[in-house]
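Reader: I am new to this structure and would like a friendly tour. Could you show it to me?

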Amino acid sequence: MALAKEIHGAYSRLHTNRLGLWLFFLSELFIFAALISSRFYLQGFYRPAELNQLLGLVISVILVLSSLTAYRAEIASAHGDQRRFRLNILFTISLGLIFLIGVVIEWREGFHFFPPSTGFGTLFFTMTGVHAFHVLTGIIALTILYFLGRSGRFTSGSYWGVEGVVKYWHFVDVAWVLIYPTLYLVS
Amino acid sequence: MAALTGIIKGLIFALIGFIFGGGIGFLLINAAGRSGTNEPVIALGYLFALIGWLFGAGLWDAWGREWVGLPARKLEVNGWKRYFRFCTNHKVIGVQYLVTFVFLFLFAGLLAMLMRTELIAPGQTIMGPNTYNTTMSLHGIIMIAVAVATIMGAFANFFLPILIGAEDVAFPRVNALSFWLLPPVVILLLLTPLFGGFDTGWTAYPPLSVINATGSLFFLMAFITFGISSILGGLNFITTVITQRASGMTWGRLPIFAWGIFTASMISLTATSFVAVGLIQVVLDRVAGTSFFNASQGGNPLLYEHIFWFYSHPAVYIMILPGFGIILEVITHFSRKPLFAYKWVVGSFFFIVFLGFIVWAHHLNTSGMSDYLYIPFMVTTELISIPTGVVFLSALGTMWLGRLWLRPPMLFALGYLFNFLIGGVTGIFNADVPTDIHLHDTYFIVAHFHYTMMGGVIFALMAGIYYWFPKLTGRMYNETLAKVHFWWMFIMFNVTFIPMFWLGINGMNRRVFDYPEALGGVNMFVSIAAFLLGASFLVFLTNMVYSWLRGPVAEANPWRARTLEWQISSPPPEENFPEPPQVVGDPYGYGIPGSVHAVLNPAGSALNTGGG
């Protein structure tokens, strides 16, 4: 009877959580879809020459790298290797913070060349801002994971929290992979 | 006191959050050297107040504690006090939704009475243009919320898990969260008149919504908050239907109401986050000085109309699909016949979801959008009559040669079919570009969407209330009063709204407190009819309140229906089913010899749910 309650129908709690998370990503995807279509609707393919291409490329690479370390943290957790898990979470948090610092530098330059009241600036600040907000929430979630991991909350058989946050981090990464070309590469 | 601890803590935390967020806003205004606006303070203050409210009201106890390694606290209260707390039981949340939204419905109905009082004669009668516009806008947005969330929030929460043989929804805490996001919405909307009101209607088109009084900001934040609640609800119901079905509840045996909720949830999950971006863009234009909709800086107000209707047209199917579900349930149970063309109806629901996403620009026929968009959107819009026609055929085919049992739920279902038919047929004139250019923004549109929304969704809601009331409360209502309510509401509804088609064709504009002298007589008639329509709800309210408190105890299955919710006691026990039921056949096999829907006690004696 206890088992029947735990596995209600054909889906376990883990399957249910995964499905919910993916539906959440689908919903979030529509937010980025709306932002990207706004960009093309209002500004077409316009791109100011003052955009700092080098900085944009560097922070993109950093964010993609952070997905790698996040993945390694998840695998370490699956194998029950708590030390490597915490190390890779710390790497991921650091790379995320570096990304945010990059965005701040970008914004400082942006205020000078294309302030938020201008056509391109409106989209640039909104899109990077919405994305940076997602990065920030991801970093907060990773920090919570780090401390929960340190107190021994996750085991190799039970690490849904890790899996969920890491998947979210990948999603935030993918969102940037969509935003970056929209802002920096089209012309 | 135990009942109110959550609410009091929520309010205190909200206040702290508001001071914190508002402080940040204040510092930002000073840092940016902008003066003469306090809207950043309000916007940031509200953001943190909302978080504070949710955590105080129960999110922290039920969930947040786990994030810092503490065990979650179980809710210690029982009985009626649970209805005021962050309770994760789907039946409690269903009742919370139902009561909240029935009161909002009656309140917005009173606003409509105020509007009709103003419109009883040409010129200013009781209020000026600004007050009228705020009244109209509040009536609009509250009724939209009622139509979106009452069937989804109340009946889907209470009955969907039971219909599919589950113990609860997939994510009970998310479910409670989506309800507790609603009190801030109500408070914000009620505050709007104190901050200059908002005169944009519920559509909030820029540039007006960017430059008008601060009340508009309150409205936008309320809409966004409501959107989050709606997204979480949709996510929960999709996951519930996919993962929580009882053993044997295959997709082909799913009750049609569950299909209506499932397809409507697909829309609310996706389209709602799209519109949130449009609303956030207006907020940013107001608060942060961006220029999404400022044409002199390269913005374009048309962008908003596209984003808004990309959600808001599908949103009418968030309202209608659960309504279709209830109506078809009621018609099949009260005709004692299997649901006609079940698979085609399910297919039509999906087709409606798909088409709903590619028709939005028919709301923009007079907006000055590009010429090449008119014909494609006219064609896709008129295509929608095919799947809705299938739903009608299913309703008629089910009743064909059936023994109709004209109890109150069935009466409302039949009224629904009549009203929705008029709403649908008049929709063709709005979809056709040549006629719509004349009819756009007139009372013809008002009459059309009231025939689909009030004549449709609200009649479906009433059918649902009269159908499920005995199961929800464990008590039976007064049948005579229910029938009086139906005939009174049905007749006065038609008497009120039929003349509005004529008013619209003759040039009466919507959203204006005044109209040409020549239309005075008909407007007087409409206003009096509207007051009588409003009065019919007094019968409803009396019946409901009295029956809930003092009505006779209801049987477990007063309608002798076959679906799962009627096989358990009224009201249902805490865990719905003593053990997971085993579904073995079609839910609608009325009159089919030997047909059984489910075995409730698979291990023990065969307490099955056949017959009919």
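Author: Let us begin with a term: a residue is buried if 20 or more other C-beta atoms lie within 10 Å of its own, exposed if 12 or fewer, and partly exposed in between, with C-beta atoms placed from the backbone. This is a predicted model, in which local features need pLDDT of at least 70 and side-chain atom pairs count only at pLDDT 80 or more, while totals for chains, interfaces and linings use all residues. Residues are numbered from 1 along each chain as its sequence is written, and chains are lettered from A and ligands numbered from 1 in the order in which they are written.

Reader: Which residues is Ala561(B) in contact with, leaving aside its neighbours within four places in sequence?

Author: Two residues are in contact if their C-beta atoms, placed from the backbone, lie within 7 Å. Ala561(B) and His333(B) are 228 residues apart in sequence, yet their C-alpha atoms are 5.8 Å apart in space. With neighbours within four places left aside, the contacts of Ala561(B) are His333(B) and Trp566(B).

Reader: What radius of gyration does chain B have?

Author: Chain B has 18 helices and two strands, and its C-alpha atoms fill a box of roughly 75 × 65 × 45 Å along the principal axes. The radius of gyration is taken over C-alpha atoms, and the globule rule is 2.2 Å times the number of residues to the power 0.38. For 612 residues a compact globule would come near 25 Å, and chain B agrees with that, at 24 Å.

Reader: How many residues of domain 1 of chain B are in contact with domain 2 of chain B?

Author: The domain assignment, whose bounds come from an automatic or database source, gives chain B domain 1 (1-87) and domain 2 (88-550). Over C-alpha atoms, the centres of these domains are separated by 29 Å. On the domain 2 side 18 residues take part, and on the domain 1 side the number is 17.

Reader: How is chain A built, and what share of its residues is buried?

Author: Chain A has six helices and zero strands, and its C-alpha trace spans about 65 × 35 × 20 Å along the principal axes. Of its 187 residues, the buried share is 36%. Read along the sequence, its pattern is α-α-α-α-α-α.

Reader: Which helix of chain A gives the most to the side that touches chain B?

Author: The contact takes 33 residues from chain A and 36 residues from chain B. Helix 2 (13-43) and helix 5 (119-150) of chain A each supply at least two residues of the chain A side. The one that gives the most, with 18 residues, is helix 2.

Conventions:
Helix = DSSP H or I, 4+ residues; strand = E, 2+ residues; numbered from the N terminus.
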